[in-house]
Amino acid sequence: MFRKLQHAARFLSQSARLMVGVPDYDNYVALMARNHPGEPVMSPSAFFRERQEARYGKRSCTTRCC
């Protein structure tokens with residue numbers, strides 16, 4: 001029972017982080033280990049910067065779009 005509650009809490013916290021735009025570094029590391037075992041893994045700070053750039057990166061319009 002306690003294990004199910006832990007799993008549910010972990011799932012809900014991950015979902016909440018993704019909803020507000022906070023990337024999940026642990027999932028990234030697991031994905032890289034599983035799918036790309038020979039490639040280097042970014043540091044947590046580099047991963048965060050890359051995700052922020054991907055989400056809020058340079059746009060063609062710097063002030064307003066509409």
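Predicted model: local features only at pLDDT ≥ 70, side-chain atom pairs only at ≥ 80, totals over all residues.
View 1. F47 itself counts as buried, at 7% relative accessibility.

**View 2. The aromatic cluster of Y25, Y28 and F47.** A search of the whole structure finds three aromatic pairs. Among them is the tilted pair of Y25 and Y28, with 5.9 Å from centre to centre and 45° between the planes. These two tyrosines are three residues apart in helix α2 (residues 25-35) and are therefore separated by about one helical turn. Y28 counts as buried, its relative accessibility being 12%. Ring pairs link Y25, Y28 and F47 into a cluster.

**View 3. The salt bridge between R51 and E50.** One salt bridge is found when the whole structure is searched. It joins R51 to E50, and the closest N and O atoms are 2.9 Å apart. R51 is partly exposed, with a relative accessible area of 34%, and E50 is likewise partly exposed, with a value of 33%.

**View 4. A nonpolar surface patch made by M19, V20 and V22.** The patch formed by these three residues covers about 320 Å². M19 is found in helix α1 (residues 2-20), and M19 is exposed, with a relative accessible area of 67%.

Notes
Residues numbered from 1 in each chain as written. Heavy atoms only, no water. Salt bridge = Lys/Arg side-chain N within 4 Å of Asp/Glu carboxyl O. Buried < 20%, exposed > 50% of the residue type's maximum accessible area, 1.4 Å probe, protein only. Patch = residues over 30% accessible without salt bridge, like charges linked within 9 Å, V, L, I, M, F, W, Y side chains within 5 Å. Areas by Shrake-Rupley, 256 points an atom, 1.4 Å probe, with all protein chains shown as cover. Helix = DSSP H or I, 4+ residues; strand = E, 2+ residues; numbered from the N terminus. Phe/Tyr/Trp six-rings, centres within 6.5 Å; stacked < 30°, edge-to-face > 60°.
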